[in-house]
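Reader: I am new to this structure and would like to learn how its features are read. Could you take me through them slowly?

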Amino acid sequence: MDIVLQQLVNGLTLGSVYGLIAIGYTMVYGIIGMINFAHGDVYMVSAYITAIVVALLSYFGIESFPIIIVGTLFVTIAITGAYGWAIEQIAYRPLRNSSRLAALISAIGMSLILQNYVQISQGARQQGIPNLLSGAIRIDIGDGFVQLTYMKLLILLVAFVSMGVLTYIIQKTKLGRMCRATQQDPKMASILGINTDRIISIVFVIGASMAAVAGVLITIDYGAFDFYVGFIIGIKAFTAAVLGGIGSLPGAMLGGLILGISESLFAGLISSDYKDVFSFSLLVIILIFRPSGLLGKPEVEKV
Amino acid sequence: MSHTIIKKSLLSMAITGAIAVSSFAQAELVIGVAGPHTGAYAAFGEQLWRGAAKAAEDINAAGGVNGEMIKVVKADDACEPKQAVSIANRLVDSDGAVAVVGHFCSSSTIPASEIYADAGVLMVTPASTNPTVTDRGLENVFRVCGRDDQQGDVAASYIVGELGAQRVAILHDKDTYGKGLADATKRTLNSYGVEEVLYEGLTRGEKDFNAVITKIRSVDADVVYFGGLHSEAGPLVRQLREQGSTAIFISGDGIVSDEFVSVAGSPEYVDGVLMTFGADPTAYAAGKTVVEGFRTSGYEPEGYTLYSYTAMQVIVEALKNNDLDPIKGAEWLKSNSVSTAMGVKDFDSKGDLEVSDYVMYKWDNKGKYAQID
């Protein structure tokens with residue numbers, strides 16, 4: 001019993017992180033109909049920025065954890081957001097009217113550039129940051145126990161708050177309305193006076209910011225990262241986005257949670273050897289039986 | 001997937017570019033130093049490079065090899081088999097290497113060694129411990145470290161004899177080295193009548209191992225044996241402690257790097273971690289001056305640095321006594337002793353050391369490791 005509960009806790013925290021990163025894939029797809037293959041590497045960049053900010057803060061003698069986490073979140077989101085903006089400017093905007101394949105390839109190129117640029121500038125070694133927040137909540141259940149570290153609790157909290165805020169922005173604000181309008185029909189939206197180019201930039205920035213939130217939390221929690229961490233987690237988050245229905249914001253969050261939890265349960269109760277095989281089989285099954293994902297709407301040919 | 005393919009082709013383009021530049025060296029004796037100089041395992045590549053480069057420097061300062069100066073060439077396999085093959089070809093074809101120190105990862109050493117065998121290049125690996133490296137009977141392959149079956153024996157007898165553990169969980173990273181080591185340990189454990197309570201693989205490059213750790217808790221393991229490298233061992237041991245498990249963590253020589261501590265987060269997590277590794281190489285009398293030499297140049301010869309130094313010495317001895325012919329040198333090594341910074345080394349007909357010297361080390365709460373017993 002305690003083991004299943006512990007796996008649910010593991011899966012929930014992992015899944016909330018997948019969800020955060022999946023938002024970047026799903027929003028970009030929603031608005032320009034393309035997969036941003038550099039998104040996993042944006043997450044990786046945010047891990048490095050996190051470590052640099054944490055190091056700077058400690059250099060200036062700041063020890064208090066709340067200040068460190070809030071400061072790191074703000075700075076990392078700002079810089080990573082700028083990366084998201086720059087990627088759109090460099091890799092997508094000049095190719096807005098070319099074939100989809102061209103933009104796809106330039107995104108892959110962007111991903112390689114980011115990886116190699118970080119590898120050259122920061123070194124190829126594994127990096128680590130020291131443990132900043134220790135301690136855990138331990139709940140005894142019968143013979144066993146469920147352990148939830150404060151850091152994991154914080155991950156859940158920040159992830160759900162960020163998702164909530166983002167949902168509010170998209171559903172209730174003027175900016176969100178413009179995003180949704182651009183997503184539905186870019187030409188019409190631009191005729192009605194929406195600067196669609198700017199909206200597309202903003203969507204890239206939002207996606208990168210959400211990846212930055214994940215990057216800060218995960219980097220501080222696991223402590224270890226290298227220039228290649230974006231690859232695996234990027235593919236998983238992409239899977240989550242497709243699972244939930246690519247283009248759908250709640251879908252990305254739901255997909256992330258489902259993927260995280262089912263992966264943990266599978267690894268914990270059956271076999272961790274085949275954990276990734278399981279995740280991607282899940283993706284294939286969903287694509288066969290529900291090609292538009294769990295919450296995605298089937299595409300209707302506009303006449 | 002296309003992601004990786006494109007990365008590979010870009011890399012090989014970069015390598016092709018490098019060929020044009022590096023094909024000038026002629027009058028010197030070219031010796032390759034192959035290993036993961038970039039990538040997640042670059043810490044080990046650095047150990048290999050430092051050791052081999054210092055050995056070449058010392059040998060050149062003493063007059064070179066039969067009057068020829070050694071030129072060391074860095075070759076980066078990033079611990080990827082495919083890249084290992086391509087740089088092995090480069091070393092042989094365009095750099096004209098007569099011998100190679102390396103590689104590090106067994107999964108790279110095995111395919112690369114076949115290219116060296118075809119080209120008649122002598123290869124001495126300082127660190128590849130998988131049995132297959134020498135079991136294939138290639139005449140040019142040697143190693144100055146032990147074998148995983150020997151390492152597994154030491155770990156398993158320690159687990160059963162010293163720790164008296166009955167509930168052992170075995171994890172590995174699905175790589176040639178990691179799985180080989182885990183299998184060797186498992187085999188010896190089973191021969192002592194201890195059946196492992198868990199045997200599983202995890203994915204290299206991943207950082208979240210919470211699910212498998214919960215599983216370790218569920219089988220109530222006293223000891224966790226991990227076959228793999230520090231980049232996974234660090235997060236693994238940290239998350240193990242964070243989930244409240246007090247199981248003893250044991251691994252092999254894949255974690256013998258300061259980076260194990262930094263990747264784990266802080267020294268408190270590695271406190272008490274056990275590790276099998278060759279007997280302290282810095283303690284050999286012959287190596288004292290070498291170790292001093294490293295320290296005066298501001299480098300602490302940790303992990304495989306001295307092994308790499310030794311590998312270079314073995315190569316040079318073989319070449320020196322056989323008119324710089326690598327294949328004759330290989331033949332010669334099988335029947336002659338070589339005196340190195342790590343003592344006198346004798347090789348058997350397969351290229352393995354006659355005597356291996358695995359012992360148990362323990363990490364402390366300062367993040368340092370020391371030999372126990």
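This is a predicted model: local features need pLDDT of at least 70, side-chain atom pairs count only at pLDDT 80 or more; totals for chains, interfaces and linings use all residues.

Reader: Where is the place of B:Pro235, and with which residues is B:Pro235 in contact, leaving aside its neighbours within four places in sequence?

Author: B:Pro235 sits in helix α9 of chain B, helices being DSSP runs of H or I with at least four residues, and strands being runs of E with at least two, numbered from the N terminus. Contact means heavy atoms within 4.5 Å, and, apart from neighbours within four places in sequence, B:Pro235 has contacts with A:Ala224, B:Lys207, B:Phe209, B:His230 and B:Val263.

Reader: How many residues does each chain bring to the contact, and what is the area buried between chain B and chain A?

Author: The size of an interface is often given as the accessible area lost when the parts come together. Here the contact takes 48 residues from chain A and 46 residues from chain B, and the buried area (accessible area, 1.4 Å probe, that two parts lose on being put together, summed over both) is about 3700 Å², with carbon and sulfur atoms giving 51%.

Reader: How many salt bridges does the rule find across this interface?

Author: A salt bridge needs a side-chain nitrogen of Lys or Arg within 4 Å of a carboxyl oxygen of Asp or Glu, and the rule finds three between chain B and chain A. One of the salt bridges joins the side chains of B:Glu206 and A:Lys236, at 3.1 Å from N to O.

Reader: How is an aromatic pair such as A:Phe227 and A:Tyr228 described?

Author: A pair of aromatic rings is described by the distance of the centres and the angle of the planes. Rings of Phe, Tyr and Trp (its six-membered ring) pair if their centres lie within 6.5 Å, and planes under 30 degrees apart count as stacked, over 60 as edge-to-face and the rest as tilted. The structure holds 21 aromatic pairs over all chains; among them, A:Phe227 and A:Tyr228 are tilted, at 6.1 Å centre to centre and 55° between the planes.

How values were computed
Residues are numbered from 1 along each chain as its sequence is written. Chains are lettered from A and ligands numbered from 1 in the order in which they are written. Side-chain values use heavy atoms; hydrogens and water are left out.
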